[in-house]
Protein chains: 2
Amino acid sequence: MMRMFASLLALVAAQPALAEVVATAASPDKAITVAVSIDNDGRATYAVTRKGKPVIADSALGFLFTDAPKLDRHFALVDARTTSADTSWTQPFGEWQTIRDRHTQLVVRLKEKDHDRREMQVTFRIFDDGVGFRYTLPDQPGLHHANIADELTEFALAEDGTAWWKPAYGWNREEYLYEATPISAVGTAQTVATFRLAGGTHVAIHEAALVDYAAMNLQRFQGTRFKANLTPGSGVPKVSRDAGFSTPWRTIAIADDAPGLYHASRMTLNLNEPNRLGDTSSWIRPGKFVGVWWNMITGKWTWSRGPRHGATTANVKRYIDFAAANSIPGVLVEGWNVGWDGDWFGNGKDMQFDQPTEDFDAAELQRYAKSKGVYLIGHNETGGSASHYDAQLDRAFKYAQDHGIPVVKTGYVTDAGQIERTDPDGSQHREWHEGQWMVNHYARVVETAAKYHVSIDSHEPVKDTGLRRTWPNWVAREGGRGMEYMSWAGKNPPNHEANMVFTQLLGGPMDFTPGIVSLKGNAGSDIPSTLAKQLANYVVIYSPVVMVADTPEAYARYPGAFRFIRDVPTDWSETRVLNGEVGHYVTIVRKARGSDDWFLGSVGDEQARTTTVRLDFLDPGKTYTAQIYRDGPNADYRTADRHAITIESKPVRRGDTLTLALAPGGGQAIRFVAPGSGTRAK
Amino acid sequence: MMRMFASLLALVAAQPALAEVVATAASPDKAITVAVSIDNDGRATYAVTRKGKPVIADSALGFLFTDAPKLDRHFALVDARTTSADTSWTQPFGEWQTIRDRHTQLVVRLKEKDHDRREMQVTFRIFDDGVGFRYTLPDQPGLHHANIADELTEFALAEDGTAWWKPAYGWNREEYLYEATPISAVGTAQTVATFRLAGGTHVAIHEAALVDYAAMNLQRFQGTRFKANLTPGSGVPKVSRDAGFSTPWRTIAIADDAPGLYHASRMTLNLNEPNRLGDTSSWIRPGKFVGVWWNMITGKWTWSRGPRHGATTANVKRYIDFAAANSIPGVLVEGWNVGWDGDWFGNGKDMQFDQPTEDFDAAELQRYAKSKGVYLIGHNETGGSASHYDAQLDRAFKYAQDHGIPVVKTGYVTDAGQIERTDPDGSQHREWHEGQWMVNHYARVVETAAKYHVSIDSHEPVKDTGLRRTWPNWVAREGGRGMEYMSWAGKNPPNHEANMVFTQLLGGPMDFTPGIVSLKGNAGSDIPSTLAKQLANYVVIYSPVVMVADTPEAYARYPGAFRFIRDVPTDWSETRVLNGEVGHYVTIVRKARGSDDWFLGSVGDEQARTTTVRLDFLDPGKTYTAQIYRDGPNADYRTADRHAITIESKPVRRGDTLTLALAPGGGQAIRFVAPGSGTRAK
C-alpha cells in the first residue's frame, strides 16, 4: 500500500535520505571521525570514517519495544557535547601492565519532536583505533521502564570483503569453528566478528561491558548491512530495565591489518568500569595448572563414579606431586563431587557443590596440596541448571574458601536455549547462555565468589566483554572450541588458533587448555598439530590461568619441549603482535611481568610458512639468550613427524632479525632470556 | 568443556551421526522420497531426494520451548504409517478450476524414550512435485500446553546454488526487492524462498495453512543449512497453544525448472482445509476494479480532507462512469472515511470505518453505482492499529454490507514490530505483522467479513499460505512491492515481475495493481516498463480481484492497449507456465473460465529476449484469432519509445509456434479468441 514518505523509500534503496549531519567528532589523532545525522523523518544515524574513507556507512540507531512505539525517528537534536580524555590505568595482571585510555567523547542527546517526546542519548568514544558507543535512556515521563524487543542499531560496512564469524543461536554453546566468507554471505554472527574490507581495512565488531542486558549478535540484513540482534530469553522482552540506564558499548575496532586489531582490543577494557575489588593481589592468582581432565576427554577416565573414576584421592595426589615438582601452582579436579552419576547433560539437578564423592578425600587432599605448595582448583558443573546452582552459590564458594581453593571452573553444559531457570514462584523457564537473565547469573556467580575470595573460570560462558577489568576475579572463560576438540572427530583445523586470535580472543582471555604434547586424543587418534605449536600456543593464546593440559606421563616423554611449558609465565607487562593474517598465521611477543624476559609464539595454518621478525622489542645494549623451540626437519601435522622439534639456543640483540619457519600445522616458541634473569620467569 | 557424545560432534562436522533410517516413503510416481532417521542420541531427522539425488540432506526436527526442555532427541519410533490418496477438488475461482491432490502420506510417531516421554508426530505428504510436512503435538501428560520459543526444523539444502529471497524482520512490512545471491549467502529470509541448486533442480520453501501460529522464516545457519525462525510477537513464546494441535505445513516444492515450481505451487492449496463457506458464488465476486488511488500515489490527490481530497462524490462518480462504460465491475475508494487527517502512519486510532467524510455522499454513491451496474470497493486503513480495528469489525462490515460493498481492502501501514495491540486489561503490546497474534487477527477479519458476505483484500498482510481455499472470501493480498513502487524513487527493476512470479506469487495471488498505461509516476517521473508489459502483467500476475490502476484520462489516451485490459478476465479454468527463468522472464497462458479463449502474458527483464512457444494448449481442429499486443519497434523501458506497441491479429491453430520478442523491460500479451467466442471474455 501507499508509502507517504519518499524518504523512507530512499532508505530502502540505500540512497541517503535528505539527511543533515548534526554532530561530528574525531579521534585524538584525527584519523577516525564519527558523524551523526538526522534525516527528514527524524531518523538518527551514525557513520564512521578512517583516514577519510568510509568504514561504517550511515547506520540506524534506536530501539524496538514490546509495549511502546519504537524509538527511532521524529528525533531532533537537543545538544551534542565533545570532551577529550587521556589517562592510563594499571591491570593487576594481564597482557599489558599499563593501558592508556585516550579518546574523544561525543554525547549526542536526541529527543522526539512529537509523539511521546522521549529522549535518547548516544555516547561515542572515539579512539585512534576504533569507536565505542552506547545508548542511555534517561528516566522520563514517556519512558520509566524499557521493555526492549530488540535494538535497531545497524552496522553498515562500507565495503564488501571477507568476514570471519561463527553463527549465533546454535545449539552448541558458541563452540563453532570460525568461517571465512564474503561479508555479504554472513548469516547471523556472534561477536567478536572480524572483517577485512575490500580496501584492506580491518574491522572487528563487538561489545564492551555487557551488564544486565542481552548479548548482541549481528544479523546480516542486506548486502553488507548488519542489524543488532539481541539474544532472546524466556521473558517477554529481550531486555527489561528501569529507565535511567546505559546499554553495553557497541565497539568497532579499526586497523590497517590484523595485528592492529589485536592492539585495538584494549578499547574493550577501556570501556569497562574500573576495578571494584580493590587490591586483589593476595587472593587472585594467575598461574598455570594441571588437572584430572585430559584422561576424561580421551575416554580413559570418567567424571562419574565407578572403576574408571578420575577424581580419586590417589590420582589427584599424583597430579599434586607433578605440579609441585614443576612449580605449577594449581591442580584442577573435575568429577570430584556428587551429581555426575546420572544423565547430567542439560540436567545438573543432582549436582552438590560441597559434597565430594566418597573416593575423594577433600581434607586429606587440602592438607597434601598445601604441604607441597600447591592449591586445588575447583569445578562446578551445573549441566545448565543455573537456578539450582544459584541456590548453592554461597555454599559452593564457602566450601572452596574452606578448602583452600582460590579458583573455580564453572560449567553450563546444555544446549542453547536450555538453561534451567526456576523462579521463586516455582515457574520454569528455559534461558539462553547469552540472554539477559544468564548475563546476570554469571555476574551473580562472580560477585558471590569475590566475597569468598574465589576466582571464576567460566566454561559455556557468556562471551567476554572486558568485565575482568571491573571484576578481576573473572579470570578466564571458554566460549569457543578449545583443545578438547582435538580429541574427538571433527578436530580443529590447523588455522584454528590463527582464527581465534583475531576473532574471539579480541574479546578477552580464553581457557584454551593447550599443551597436549602427546598429540594423541580419543581412542589414540592423532592430533593435527606439531609439537612446537603446542608450545607456541602458551604465548599466542592469553589467559591468566593456563592449563598444562596433558598427563604427567606424557610430559615425562617430552622433557625438552616441557621445559618451555615450565618456563613460560601467564602474566605480562607488555604484548606486541609482530605479524599475522586472520586465519593464516600470527606471531606475538610478550614480556614477562616482573622480569626482563620476553617470550615469542608463532603459529600458522596448514601451509608451511616463513616469516621474518625484527627483535626491536628487546632492550638496547643487552645480549639475550634465545631458547628456540621450532618445528624440526620434515615436521608436519599430517604425519608421524609431527613430534619433530628442534631446540637450540643462540645469543640475540635488539635489531637482530629472526626467521621463523613454520611447518604445515606448525609453530614456534622462543624464550628470550635477559642477562641476569633467573633460569625461570615468574 | 567436555562433550560426552562423539555423535554430537559428528553432527557439527556435518558428518552423518550413527543414524538409522526408521521410515521412508515415496511420491506416487516414486520420484521423490522422504527418509526419517534417528541417530544414537535419539535425534530425528528427515531427508528428501528426487530422482535419487539428495535435495534436502538430513535436517533436524523438533521444538524449543520457553518453559520446558526442548523436544528434539531421546526419540524412539512408535510407529510409521503410510497411506495414499488421489482426489480432485474444484476452486470456486482461481488459476485452475480443478486441482488434483495425489500424494503419499507418511505419519511418523516419535516418543522420548526417557525424560518426559513426550510424543511428537510428523506427517509428511509426498507429492510428485514436492513434500509438505507438519508436526502434531498430542495432548499428553508431559505436554498439555506448548509455549514454543522456536521451531528447530531445519532445511539443509544438499547443494549450493542461487537463492532468490527477501529479508525477514525488515521495518518495511515485507516490501523488499528479491535478491539473487548464492544460497550460502542468504541472511534470514521470508518464505517463499526459491533456490536453484547447482545441479539445476529448483526448490521453493514455504508453508501452507498458517493458522494460529507464527509465520516461519528461514535463517541460514551454516553453509546451505537453514533453520526455521518463527516471527516473534510481544508475548513470551513465539507460539502459545494448548496441546492437541498441528503446526502449519512446511512445504518444499521441487522441480526441474522454474515453470515446474509454479505448477507445484498447487501443493500449497492441497495442504489447506476445504472451503468452510459453502457456495459463495452469490457474494464473492472476482473481477476487475478501478479506483480513486493512483492520483494519490502520484501525489495529485490526497487521502486526507482538503482542497486535493480524492474521495469526493464528484470524483467517485467519474470513476463509476468509467467503470460502467468498460464493464469493469468494481470501484475502489480510498480516503473516504474519517481518520486520515492526522499523523495516521503507524497510528490509526482516529480511523472510523463507518463514518464517511462530509464530501463523500455514501448513500448517493451507492445509488449511483447500483444504477450503473457497478459496486464500490471499501477501504479500511488501520495504520497498524489492529486492536482499534478489531473493536470496529462488525460495524465496519455491516457498513459495507449495508452500502452494497462486496469487497474491502484493508491496510496495516506501520513498521514491522509496531502493530498496536491493546488487550482487554488495557495493557499495550507491539506486534509483528506475521506473529501469532496478527495471524489470528487477519483470520478474525476474514471470518467476521464472511458473516457479512464481504471479501477481503489485505494489504500489509501476513503472507499467503493458501488459506483462500478454506476462506474463499480472502480474495487477495499485497505483502510485496506492487506497482506503487513504480511511482517513487527506488523503482522496481525490470525483472521484478519475473522474480515475483517464482517467489512470492508461488504463495498465492497478489493485488499488484497493474495497468499504468501512462507509464508516469510521482512528479511526472517515467516508469521503467514498456506499455505492452503493463498488459502482459494481467495474465502473468494472478489475482481474482485485479485493479485497472491508471486514471480514466490515461486509458483514454491509449485506447488500443486498453482494449486488452477490458478483454482480459480474472478467473481461469486452466493455467500453464510455458517457459521462464527466475528473475529473467516468464510466459504464462491461462484459459478464461466459462469461455474457450486463452490469454498469454510474457514479461522479461532488462534484456531484449526472444522465445518461441508452441500453441499446444489450444483445442485441436479450431482456428483461433490471436489478438497480439507486442512491444513495438525500438520499444525500450529506458527511452521515450517505451510506449511503442504493435497491435495485430492473426489466425493460429494448435501446434503452431509463436515467436515472442520482448523489448528491454518489455512484455507481450495475447488473447486467443476461440471460434464462436463473444467479443469479450467473462
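Predicted model: local features only at pLDDT ≥ 70, side-chain atom pairs only at ≥ 80, totals over all residues.
Figure 1. Two copies of a chain are related by a rotation about an axis and a shift along it.

**Figure 2. Surroundings of A:R73, with contacts in chains A and B.** A:R73 is placed in the loop between β5 (63-65) and β6 (75-90) of chain A. Its relative accessible area is 8%, so A:R73 is buried, the cut-off being under 20%. With neighbours within four places in sequence left aside, A:R73 contacts A:D41, A:G42, A:R43 and A:E112 in chain A, and B:F345 and B:D415 in chain B. A:A674 is 601 residues from A:R73 in sequence, and their C-alpha atoms are 61 Å apart in space.

**Figure 3. Packing of helices α11 and α13 of chain B.** Helix α11 covers residues 531-540 and helix α13 covers residues 559-567. Their axes are 10 Å apart and form an angle of about 5°. Angles under 35 degrees count as roughly parallel, and α11(B) and α13(B) are therefore roughly parallel to each other. On the α11(B) side the contact is made by B:L531, B:L535, B:Y538 and B:V539. On the α13(B) side it is made by B:A561, B:F564 and B:I565. By class, the residues of this contact are 7 nonpolar, no polar and no charged.

**Figure 4. Helix α5 of chain B and the residue B:S327 after it.** Helix α5 runs over residues 313-325, and its 13 residues should span 18 Å at 1.5 Å a residue. The end C-alpha atoms of α5(B) are 18 Å apart, which agrees. An α-helix has 3.6 residues a turn, so residues three or four places apart point the same way. The buried residues of α5(B) are B:T313, B:N315, B:V316, B:Y319, B:I320, B:F322 and B:A323. Just after the helix, B:S327 has a positive phi of about 55°.

**Figure 5. Helix α9 of chain B and the residue B:H453 after it.** The 16 residues of helix α9 (residues 436-451) should span 22 Å at 1.5 Å a residue. A distance of 23 Å separates the end C-alpha atoms of α9(B), which agrees. Buried residues of α9(B) include B:W437, B:M438, B:H441, B:Y442, B:V445, B:V446 and B:A449. B:H453 follows α9(B) and has a positive phi, near 55°.

Figure 6. B:D596 belongs to the loop between β32 (585-592) and β33 (598-603) of chain B. With a relative accessibility of 34%, B:D596 counts as partly exposed. B:G94 is 502 residues from B:D596 in sequence, and the two are 16 Å apart in space, C-alpha to C-alpha.

Figure 7. Most residues other than glycine have a negative phi, and most peptide bonds are trans. A:V192 is in the loop between β14 (188-190) and β15 (193-197) of chain A, and B:V192 is in the loop between β14 (188-190) and β15 (193-197) of chain B.

**Figure 8. Positive phi at A:E460 and at B:A523.** A:E460 is not a glycine, yet its phi is positive, about 45°. This residue is in the loop between β28 (455-458) and β29 (474-477) of chain A. A:E460 counts as buried, at 0% relative accessibility. B:A523, also not a glycine, has a positive phi of about 60°. Its place is in the loop between α10 (496-500) and α11 of chain B. B:A523 has a relative accessible area of 73% and is exposed.

Notes: Residues numbered from 1 in each chain as written. Chains lettered and ligands numbered in written order. Heavy atoms only, no water. Axes fitted to C-alpha atoms, helices over the stretch in contact; angles between N-to-C directions. Helix = DSSP H or I, 4+ residues; strand = E, 2+ residues; numbered from the N terminus. Parallel < 35°, antiparallel > 145°, perpendicular 65-115°, else oblique. Contact = heavy atoms within 4.5 Å. Nonpolar A, V, L, I, M, F, W, Y, C, P; charged D, E, K, R; others polar. Expected span 1.5 Å × (residues − 1). Buried < 20%, exposed > 50% of the residue type's maximum accessible area, 1.4 Å probe, protein only.
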